[in-house]
Amino acid sequence: KFDKYLYKEPLAATSAITEIDNIYVINLDKRPDRLQRATEAMKSFCLEFTRLPAINGWERFNHGPIGCWLSHLSIYRDALLKNYQVVWILEDDFHIVQDPHILTSYLKKLDKLDPKWDALFTGNVGYEPVPVKHRFTKVNEDFSIVHRRNGAFSMLLSRRGLKKIFRYVTKRRWYQRAIDKEYLKVPGIRF
């Protein structure tokens, strides 16, 4: 059973962005350089975050994607137990290109556009070798519906989205593919 592998220590809540209950950053213990860069990037916008010590899939299971899944699942469970409504999950290789406080206005717009949204990707996927027309459908100037992408490095999840993904993933046996290849398959998920 996967549950015994999840990170279970209490995680402190931090967020200075209205509409976001907590900001999580997934970081391997052996990558203090990335943690330092993430801390400096967030401090430049007066933001703090909750660090989740990443589960190293290569060391524990000889398969990296399993660790990534378990790290994300640890956050999903923490957020659900704390009854968070919106969380921002970042992997430690994220890059901030504009003031993250703008997310407040995007979330308000998204709530008006689709009150039942599940996830909002906040990172660029420009490195994926798939023609643009196959990755997303543009809804308006601010939003697109995502059909395919690589990278779980920066995304906002609503409580509905957390529940859907957690339910889907915990009913599966093991996770041989990376999380960013699987979560788009979650039944009824709205990106």
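**The second largest pocket**

Tutor: The second largest pocket has a volume of about 380 Å³, where a pocket is an open set of points on a 1 Å grid over the protein atoms alone at which a 1.4 Å probe fits, with protein on both sides within 12 Å along at least five of seven lines, and the volume is the space filled by probe spheres set on those points, joined across faces, edges and corners. This is a predicted model, in which local features need pLDDT of at least 70 and side-chain atom pairs count only at pLDDT 80 or more, while totals for chains, interfaces and linings use all residues. Residues are numbered from 1 along each chain as its sequence is written, and side-chain values use heavy atoms, with hydrogens and water left out.

Its lining comprises 23 residues, and L28, R34, A54, C68 and E91 are those nearest the centre; a lining residue has an atom within 4 Å of a point. Two or more lining residues come from each of β1 (22–27), α2 (57–61) and α3 (64–81), and α3 contributes the most, with six residues. Here helices are DSSP runs of H or I with at least four residues and strands are runs of E with at least two, numbered from the N terminus. By class, the lining holds nine nonpolar, eight polar and six charged residues, with Ala, Val, Leu, Ile, Met, Phe, Trp, Tyr, Cys and Pro counted as nonpolar, Asp, Glu, Lys and Arg as charged, and the others, Gly among them, as polar.
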